[in-house]
Amino acid sequence: MSVQEYLDKHSLSRKIEDAVNAAVRAKTPDPVLYISNHMRKSASSAISKVKARQILDSRGIPTVEVDLFTNKGIFRGAAPSGVSSGMYEAIELRDGDKGTYLGNGVSRAVKNINEKISEALIGMDPTLQAQIDQAMIDLDKTEKKGELGVNAILAVSIAACKAGAAEKEVPLYKHIADLAGKTNFNLPVPAFTLINGGKYAGNSLAIQEILILPVGARKFEEALQMGAETYHHLKAVITEKYGAHGCNVGEDGGYAPNVSSIKEGLDLVKEAIGRTGYNDKIKIAINVNATEFCIGDVLHPWTCDALFIIQKICTKYDLDHKSPNKSGQNFKSGEDMIDMYKELCEDPFDKEDWEHVKYFSGLGICQVVGDDLLMSNPKRIERAVQEAACNALNLKVNQVGTVTEAIEVVKLAKDAHWGVVISQRSGETEDSFIADLSVGLATGQIKAGAPCRGERLAKYNQLLRIEEELGDLAVYVGDDWRAC
């Protein structure tokens, strides 16, 4: 090929002339730099490299981080991880070598990215998120992403989403909104963890956490202030009643005093709220995670669409399950648990106890969030919608596996007029992706842990930046937190 043929094939003469003319019109003091940047922007972007590594999450357990390269730069994504995983969610790939990180290493997942996923994605347009995610799903070939590992797939999906936003020269939340067909940008109500229990803490509290939602704030910035002030007042309340040792924290930053009952924990939070003066502006939430203390299962026949399915009903819930000296006096039936729930509840019953969840949701006394019940699984969500089993989704992106699938399950929930909570995991990273995801999908609620610790604050601080960037276009949902 001659030089002239090469120039003609790539339209180089015209592109260079356009760049020079643009520099002249701009009267730039550095025309060479201007022309260079102009040419760079005119080039169509493509994924040129995908490089993964093993890092540690907030618990000191390995997880996957990815750098994805295009001509616009390097874009990083990291996969979070939970304490436990359910049979209906996507599968993390761990090494299983007990001599290295107690079997929790992710070198196999890293290798899958560097050797398989990278090869499949090189040359793809980063703005085509659905095609990128589908390419990885097709490469994996399993229903729950067990071949490549959801930790590998999700980290790449997040990095690609950031690269797509850069290619379009828009903020990440705007790119996500475009992918989902959204045009409005809502700042979510944060659900701040104040007290940890369950698997997240070493105290005797059976439930997983007690949270607050500053629904009465006018802006997200004010909501964050309310959460932080209440958190610090709670520290003082706990210190006065239990001593400084009561202020040890759980895995996502909530305090872990050795309270013996849910009521005792709620009383501490109510006192802290009272000291702030925000009484009418803050709602209290309970994340029960009752799967952890369901005992005495019975099998119950249930029919749907001519299929015979075995459904589990939990006959008893043991609220003393963390106590080494169980008295046997704190067992609750499903009906007893219904009587106990008076505020917003997340996962109020066992993940297979559809009967009690349906009845409780039907009472309409609060938002009932499906977490372990749904596991962000589309089939579980569809069943819950059909049966009116709950009225809100707790979305954990690593349970479903890709940005595209996260968008799809949020649409399922919103089409059913459910509330949606975008949620952290106990094993978090500094990646603030879920903050942009919450704004881009207008979920209305975000649960990112306590208003402390870097991996939690990364999400809240990113929401501050987004609110500032949006200016007058920023809408804090406040009292409309369920309706978004």
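Helix H9 buries Ile 262, Gly 265, Leu 266, Leu 268, Val 269, Ala 272, Ile 273 and Thr 276, where buried means under 20% relative accessible area with a 1.4 Å probe, protein chains only. Because these residues cover an arc of only 155° around the axis, they lie on the same side of H9; the arc is that of the directions from the helix axis to the C-beta atoms. The model is predicted: local features need pLDDT of at least 70, side-chain atom pairs count only at pLDDT 80 or more, and totals for chains, interfaces and linings use all residues. Numbering runs from 1 along each chain as its sequence is written, and side-chain values use heavy atoms, without hydrogens and water.

The length of H9 can also be checked. Its 15 residues, 262-276, should span 21 Å at 1.5 Å a residue, and the end C-alpha atoms are 22 Å apart, which agrees. Just after H9, Gly 277 adopts a positive phi of about 85°.

The largest nonpolar core has 109 residues, of which Val 66, Ile 113, Ile 117 and Val 156 touch the most other members. Such a core is a set of buried Ala, Val, Leu, Ile, Met, Phe, Trp, Tyr and Cys residues joined through side-chain atoms within 4.5 Å. Helix H6 (residues 150-168) supplies the largest share of this core, 11 residues. Among the contacts of Ile 117, not counting residues up to four places away in sequence, are Met 136, Leu 139, Ile 153 and Val 156; contact means heavy atoms within 4.5 Å.

How values were computed: Helix = DSSP H or I, 4+ residues; strand = E, 2+ residues; numbered from the N terminus. Expected span 1.5 Å × (residues − 1). Buried < 20%, exposed > 50% of the residue type's maximum accessible area, 1.4 Å probe, protein only.
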